[in-house]
Amino acid sequence: MSDIIVLPGLGGSGEGHWQTLWERQDPRMRRFQPASWDRPELIDWIAALDREIGRAKTPPILIAHSLACQFIAHWAVSAKTEILGAFLVAVPDPTGEVYLGEAPSFANPPRRRLPFPSLLVTSTDDPYGPFDYAKESASVWGSEFIDVGPLGHINSASGIGDWPEGLALFRRFSAGLS
């Protein structure tokens, strides 16, 4: 049984978000805690993730949504701790207005292979992450790629509740990491 660290994107994944709902259902899952969800700073997020990984009893699996996907690409470049893998959902385009306006220190994420297994899940109609950008990101990062159809930004606004299909994808991914 691996530790699981949940990394929300901008705003911190509210009460109806699948990440929050998954955390309530699985005691192995816990959220990393940067200083700000609304005005994220890359250095703070890196320190927060390193702290959380340091608390893990085993190398953890990361579950990232939106901005946290790009964050993992930044973190991986200088990571000093081991993880088993990363489940990446709804990767945003880092040149988008919301992205640059709210999280400028996250701009220019590294475009290189991740040093751990990863699975990138995307929607065909994500308003923050064009499908082609997500597919290219999966290729560059060496991630398995899964298209879940038209689910918007794969968040609470998508009306997916606790997203059972996503949980099945995560369980399949994590089962292959041991």
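These notebook entries record what I looked up in a predicted model of one protein chain.

**Entry 1. The whole chain**

I began with the secondary structure, which comes to six helices and six strands. Reading along the sequence, I noted the pattern β-α-β-α-β-α-β-α-β-α-β-α.

I then looked up the extent of the chain. Along the principal axes, its C-alpha atoms fill a box of roughly 35 × 35 × 30 Å.

Next came burial and surface. Buried residues make up 54% of the 178 residues. The accessible surface comes to about 8000 Å², and 53% of this area belongs to carbon and sulfur atoms.

Of the contacts between residues at least 6 apart in sequence, 74% join residues at least 24 apart.

**Entry 2. Strand β3**

How many of the residues of β3 are buried? I found that five of the five are, so the strand is largely enclosed by the rest of the structure. Ile61, Ile63 and His65 lie on one side of β3, with Leu62 and Ala64 on the other, and both faces are covered.

I followed the pairing of β3 to strand β1 (residues 4–7), where four bridges join the two in parallel. In this pairing, Val6 stands opposite Ile63 in β3.

β3 also pairs with β4 in the parallel sense, over five bridges. The chain passes from β3 through α3 to β4, and I recorded this β-α-β crossover as right-handed. Two opposite positions are noted here: Ile61 faces Gly85 in β4, and Leu62 faces Ala86 in β4.

**Entry 3. Strand β4**

I turned to β4 (residues 85–89) and found it mostly covered, with five of its five residues buried. Gly85, Phe87 and Val89 point one way from the strand, whereas Ala86 and Leu88 point the other way.

Which strand do four bridges join to β4? It is β5 (residues 118–122), and the two run parallel. Val89 stands opposite Val121 in β5.

**Entry 4. Helix α5**

In α5 (residues 131–141), I listed Tyr133, Ala134, Ser137, Ala138 and Trp141 as the buried residues. These residues lie on the same side of α5, because they cover an arc of only 140 degrees around the axis. The general rule for helices is in keeping with this: an α-helix has 3.6 residues a turn, so residues three or four places apart point the same way.

What covers the buried residues of α5? I found that the cover includes α3, β4, β5 and β6. The face turned away from the buried side carries the exposed residues Asp132 and Ser139.

I then looked just past the helix. Gly142 follows α5 and has a positive phi, near 75 degrees.

I looked up Ser66, which has a positive phi of about 55 degrees although it is not a glycine. Ser66 lies in the loop between β3 (61–65) and α3 (67–78). Is Ser66 buried or exposed? Its relative accessibility is 12%, so I count Ser66 as buried, the cut-off being under 20%.

Trp163 is also not a glycine, and its phi is positive, at about 45 degrees. I placed Trp163 in the loop between β6 (144–147) and α6 (164–175). Trp163 is buried, with a relative accessible area of 0%.

**Entry 5. Trp18**

I located Trp18 in helix α1 (residues 18–25). Trp18 counts as buried because its relative accessibility is 0%.

Which residues is Trp18 in contact with, leaving aside its neighbours within four places in sequence? I recorded Ile63, His65, Val89, Ile154, Asn155, Ile160, Gly161, Asp162 and Trp163.

Finally, I looked up one separation along the chain. Trp18 and Ile53 are 35 residues apart in sequence, and their C-alpha atoms are separated by 22 Å.

Technical notes
Residues are numbered from 1 along each chain as its sequence is written. This is a predicted model: local features need pLDDT of at least 70, side-chain atom pairs count only at pLDDT 80 or more; totals for chains, interfaces and linings use all residues. Side-chain values use heavy atoms; hydrogens and water are left out. Buried means under 20% relative accessible area, exposed over 50%, partly exposed in between (1.4 Å probe, protein chains only). Two strands pair if DSSP finds at least two bridges between them. A crossover is right-handed if, with the strands pointing away from the viewer, the path from the first strand over the helix to the second runs clockwise. The arc is that of the directions from the helix axis to the C-beta atoms. Contact means heavy atoms within 4.5 Å. Accessible areas come from the Shrake-Rupley method with a 1.4 Å probe; for residues, only the protein chains shown count as cover.
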